[in-house]
Amino acid sequence: MSSSPTSQRRVASATGRMAAVQEMAALQRMLFEVEREFVRTATALVPRLGGIELKYLLCQHVWESAGHARFLRERGREMSGFGKDDGVRAEFRKIFEEAIRNEDEQAALAGFYRVIKPAILSAYREYLQLTHQLADWPSRHLVEEFILDEERHAEEMEPYLEGIDSGKWKAHLQAALSAIGGWLGHEPKNSLPADFTWACEKSEYSHPLTCNRGDFPICSSVFSEDPDETPIVRQWLEDPQTDARVIRLMVYVWLMMELDAVDYLATVFYDTPEAPFDLHFDLARHLWDESRHSQFGFRQLPKLGVDLDTVEHSLELYHVLVRMTPPERYAMMTMEFEAGSFPTKAKVMDRVRELNDFEADTLLAFDRNDEQNHVRYGHRWLPEIMKLFKEERTVEQFVADTKARFEELHGTHGKATPHSLPPEQRLTGNKILSLAGLA
Ligand SMILES: [Fe+2]
Ligand SMILES: [Fe+2]
């Protein structure tokens with residue numbers, strides 16, 4: 001394949017002894033930039049999309065795409081000409097900016113999966129065609145894996161795209177992509193139609209002030225002291241008299257509600273366009289971890305007799321955090337919520353172990369392990385995010401001020417979501433007692 005006319009033409013366009021390597025490194029550079037920009041922008045769709053399973057899937061794809069970008073950069077840096085920084089060229093960034101500008105989140109999702117991702121897949125296939133199978137075997141090996149991932153992503157997303165009419169939007173994004181000749185610039189370049197207008201030139205992008213939970217009932221918080229109001233009853237969690245089966249149900253609700261972390265963490269990528277890629281890589285892992293933690297609850301609760309349509313989703317944290325700056329959002333998450341959750345979670349884990357429920361113990365152990373990593377990420381990256389926002393306070397001062405500001409905003413925006421369901425229909429502490437066979 002390396003002797004195809006295209007390949008010869010490409011290689012001939014660089015000169016010098018290392019031209020063959022530099023040509024391929026330049027293509028890997030493009031692929032790296034595309035994957036990292038996908039991670040930065042596709043995440044903006046997470047709080048906008050209402051499907052819970054869809055959010056989970058998108059977080060998984062984002063994590064895998066971040067992996068592609070990381071391996072491309074690692075391999076690319078072994079090759080002459082890849083470049084040392086993590087920047088993304090403006091012409092790529094503009095297309096991704098455009099992709100999130102459709103106000104209909106379904107159409108926006110379809111744009112990513114019917115135009116942008118298929119073009120990434122064909123760019124990988126093209127890379128394999130262009131490179132020398134033996135000389136560039138290390139890259140080939142990676143790209144073959146990425147192709148399998150991309151094919152699977154398309155398959156996994158297909159059921160969620162059924163029935164979305166994205167014809168016009170698809171043509172719009174396709175035109176933007178054709179104008180640069182596809183991601184590798186090798187396809188015929190068609191200039192933009194005369195009536196083409198860039199939505200991203202007309203407006204700044206802003207995250208929604210509330211997150212979409214589709215048809216699920218919502219509320220401000222699932223924590224309270226009142227067993228007739230919320231499923232998690234604070235004093236029961238720590239009370240040694242509480243039956244372990246009740247604790248297990250409450251902790252699964254708690255885990256499922258980590259979906260709020262998915263929605264607000266997802267907003268930080270877009271807001272930090274100049275972040276080093278390693279920051280976005282760890283955020284992508286963090287995001288996927290939270291989506292897995294939420295799934296722990298989402299998958300286990302029905303097995304314990306809970307009808308998920310009766311579990312209200314709590315929106316208070318998203319509502320408050322989306323009104324704060326990205327470093328504030330990230331500081332609250334890692335330095336307050338996560339760092340502060342260990343003592344209670346430890347007690348909960350000990351209580352659940354009384355049940356000899358191997359699966360529950362396993363899920364909680366992995367949750368704890370992941371959370372320890374998240375706090376480490378916080379220590380590593382909060383100072384960097386603060387720098388991106390020209391924050392000059394010390395980390396300590398910043399965290400203290402942020403907590404105070406959170407409390408203030410919580411007063412106005414935290415309690416803004418009334419219960420969707422009347423008490424008799426929603427899951428409450430007392431309902432949990434009866435599900436556990438105690439009432
Ligand atoms: Fe978590
Ligand atoms: Fe976490």
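Predicted model: local features only at pLDDT ≥ 70, side-chain atom pairs only at ≥ 80, totals over all residues.
The protein is divided into two parts, domain 1, which covers residues 5–202, and domain 2, which covers residues 218–435. When the centres of the two domains are taken over C-alpha atoms, they are separated by 32 Å. The contact between them draws on 20 residues from domain 1 and 20 residues from domain 2. On the side of domain 1 that touches domain 2, helices α2 (19–42) and α3 (52–76) each supply at least two residues, and it is α3 that gives the most to this side, with 11 residues. Sorted by class, this side of domain 1 consists of 11 nonpolar, three polar and six charged residues.

In soluble globular proteins, nonpolar side chains tend to be buried together. In the present model, the largest nonpolar core has 107 residues, and those that touch the most other members are Leu45, Met250, Val253, Met256, Leu265 and Leu287. Helix α5 (residues 105–130) gives the most to this core, contributing 13 residues. Because domain 1 and domain 2 both give residues to the core, it lies between them.

The buried residues of α7 are Trp169, His172, Leu173, Ala176 and Leu177, and, seen down the axis of the helix, they fall within an arc of 135 degrees, so they line one face of α7. This kind of spacing can be understood from the geometry of the helix: an α-helix has 3.6 residues a turn, so residues three or four places apart point the same way. On the other side of α7, Gly167, Lys168 and Ala171 are exposed, whereas the buried residues of the helix pack against α4 (90–99) and α5.

Helix α15 (residues 342–353) has 12 residues and reaches 16 Å from its first C-alpha to its last, a value close to the 16 Å expected at 1.5 Å a residue. Within α15, the residues Val348, Arg351 and Val352 are buried; they cover an arc of only 100 degrees around the axis, which puts them on the same side of the helix. Pro343 and Ala346, by contrast, are exposed on the other side of α15. The partners against which the buried residues of α15 pack are α9 (234–238), α10 (244–256) and α16 (358–388).

Two loop residues stand out by their backbone angles. Asparagine 356, whose place is in the loop between α15 and α16, has a positive phi of about 50 degrees although it is not a glycine. With 9 other C-beta atoms within 10 Å, asparagine 356 is exposed, a residue being counted as exposed when there are 12 or fewer such atoms. Lysine 390 is found in the loop between α16 and α17 (395–414), and its phi is likewise positive, at about 55 degrees, although lysine 390 is not a glycine. This residue is also exposed, having 6 other C-beta atoms within 10 Å.

Proline 327, in helix α14 (residues 326–340), is buried, because 26 other C-beta atoms lie within 10 Å and 20 or more are required. Proline 327 and proline 383 are 56 residues apart in sequence, yet their C-alpha atoms are 8.6 Å apart in space. Leaving aside neighbours within four places in sequence, proline 327 is in contact with Leu382, Ile385, Met386, Phe389 and Glu391.

Note on methods:
Residues numbered from 1 in each chain as written. Chains lettered and ligands numbered in written order. Helix = DSSP H or I, 4+ residues; strand = E, 2+ residues; numbered from the N terminus. Contact = placed C-beta atoms within 7 Å. Expected span 1.5 Å × (residues − 1). Arc of directions from axis to C-beta. Core = buried A, V, L, I, M, F, W, Y, C linked by C-beta atoms within 7 Å. Domains from an automatic or database assignment. Nonpolar A, V, L, I, M, F, W, Y, C, P; charged D, E, K, R; others polar.
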